[in-house]
Amino acid sequence: MMHFADSLTFSGRKAVAAWAALPFPAFSGSSLPNALSAHQQDLPWKLLSSWREQKVSCCFAQSVVLRGICKEKGTSCLGQPLSSLHSWESPEQVLQQYLHTQFPGAFSTAHVLQQPCDTRPPFPQFFSPLLTSRGFLLDKAQGSSSAGVESIPVLAALQSSPVLHSLLSGLCQDLRARSVRRCSSFFTAGVEQDDFQEALEELKALSQCYEPAFGAEGSEDEADSD
């Protein structure tokens, strides 16, 4: 995982944020272009960090995996015209085009797997009644099923994005606000005051690497490195 995260970081950045849509919101029988076209305005995945929820409007680099969605080419729905996603042949191209539209200029890798995520016992059954046994959306709840949800489509992503600026700087502020001198066990464990302060400065410097202006200044160099 460390080497994988390194492949998505540059310009002094060292961390990536994890996102997921579990399950990925799609109706049964949806093709990949149709499923992604339904989320042009609002991205379906959520930040997995305990930090407060934030929307992502841009990112520097990302790797996205989507599994469990039909690979068939989509058709128009209720007379609506096909989206630009329907012009691509392979599922990876469809997902790549979606990422390019949502995050223009970002370095993105996309992978699509047909097999869904297995959620049979002992996987906890915390799912909504608005899901089929295969994890797809229903128009209305069909009541509880003894079989439960056996599998779900999932989207997962690792992103190097400005969200990490808020997360890391917030963590730094929380640590500065605490009076660690009052916690004798903290330093008896072997942590020196100078080392602690140095770590805070490094954390602050790392958070600044994720400021949007910082990324814009280095975008040309990053593009050359790609």
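This is a predicted model: local features need pLDDT of at least 70, side-chain atom pairs count only at pLDDT 80 or more; totals for chains, interfaces and linings use all residues.

**Aromatic pairs**

Aromatic pairs come to a count of four here. Begin by selecting Trp45 and Phe103, whose rings are stacked, with 6.4 Å from centre to centre and 20 degrees between the planes. This pair links distant parts of the chain, 58 residues apart: Trp45 belongs to the loop between helix 2 (32–37) and strand 2 (46–47), while Phe103 belongs to the loop between helix 3 (91–102) and strand 4 (107–113). If you colour by accessibility, Trp45 is buried at a relative accessible area of 4%, and Phe103 is buried as well, at 2% relative accessibility.

Next, select Phe126 and Phe127, whose ring centres lie 4.8 Å apart; the planes stand at 45 degrees, so the pair is tilted.

**A charge over a ring**

Now move to Arg13 and Phe60, and turn the view until you look down onto the ring of Phe60: the charged end of Arg13 sits over this ring, 3.7 Å from its centre.

**Helix 4**

Select residues 163–177, which make up helix 4; over its 15 residues, the helix reaches 22 Å from the first C-alpha to the last, close to the 21 Å expected at 1.5 Å a residue. Showing side chains brings up the buried residues of helix 4, which are Val163, Leu164, Leu167, Leu168, Ser169, Gly170 and Cys172. To see what these buried residues pack against, display strand 1 (17–21), strand 2, strand 7 (154–160) and helix 6 (193–208).

**Two cis peptide bonds**

Most peptide bonds are trans, and the last two stops are therefore worth a look at the backbone. Select Leu22 and Pro23, which are joined by a cis peptide bond with omega about 0 degrees; Pro23 lies in the loop between strand 1 and helix 2. Finish at Pro121 and Pro122, where the peptide bond from Pro121 to Pro122 is also cis, with omega near 15 degrees. Pro122 is found in the loop between strand 5 (117–118) and strand 6 (151–152).

Methods. Residues are numbered from 1 along each chain as its sequence is written. Side-chain values use heavy atoms; hydrogens and water are left out. Rings of Phe, Tyr and Trp (its six-membered ring) pair if their centres lie within 6.5 Å; planes under 30 degrees apart count as stacked, over 60 as edge-to-face and the rest as tilted. Helices (H or I, at least four residues) and strands (E, at least two) are DSSP runs, numbered from the N terminus. Buried means under 20% relative accessible area, exposed over 50%, partly exposed in between (1.4 Å probe, protein chains only). A charge sits over a ring if NZ of Lys or CZ of Arg is within 6 Å of the ring centre and within 35 degrees of the ring normal. The expected span of a helix is 1.5 Å times one less than its number of residues. Contact means heavy atoms within 4.5 Å.
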